[in-house]
Amino acid sequence: TLGPAFRSGEIPAGGTIRLEQTFLAGQSATIALKTRGQGQVAIKVIDGNERTVCDSSGGTVRCRWTPPYTQRHHIRIDNPRNGRVRYFISFS
């Protein structure tokens, strides 16, 4: 498990970033994402049982849940715009 962590990057126009992260059972999990400027992205988080635990979009997104099992989660960030979007994401 990563614990509190931070990552930044850039998503090309129409591009997708895929991340994976393990979150611990019974402990509150939080993902916070912010874009620079007017960038809008869509984020989807799916747990190890293929259940969507977050599905949101915007320039600022926050997802919070408590996993019932320690498992790997798939995080997908989509940029539907015609230009690049710089993002900052934190996990805890």
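This short talk covers the nonpolar core and the aromatic pairs of the structure above.

The model is predicted: local features need pLDDT of at least 70, side-chain atom pairs count only at pLDDT 80 or more, and totals for chains, interfaces and linings use all residues. Residues are numbered from 1 along each chain as its sequence is written, and side-chain values use heavy atoms, with hydrogens and water left out.

I begin with the core. A nonpolar core here is a set of buried Ala, Val, Leu, Ile, Met, Phe, Trp, Tyr and Cys residues joined through side-chain atoms within 4.5 Å; buried means under 20% relative accessible area, exposed over 50%, and partly exposed in between, with a 1.4 Å probe and protein chains only. The largest such core has 22 residues, of which Ile31, Ile43, Ile77 and Ile89 touch the most other members.

I turn now to the aromatic pairs. Rings of Phe, Tyr and Trp (its six-membered ring) pair if their centres lie within 6.5 Å; planes under 30 degrees apart count as stacked, over 60 as edge-to-face and the rest as tilted. The whole structure holds 2 such pairs. Phe6 and Phe88 are stacked, at 6.2 Å centre to centre and 20° between the planes. Phe6 is in strand S1 and Phe88 in strand S8, 82 residues apart. Phe6 is exposed at 58%, whereas Phe88 is partly exposed at 24%.

Phe23 and Trp65 are edge-to-face, at 5.2 Å and 70°. Phe23 is buried at 6%, and Trp65 is buried at 9%.

Technical notes:
Helix = DSSP H or I, 4+ residues; strand = E, 2+ residues; numbered from the N terminus.
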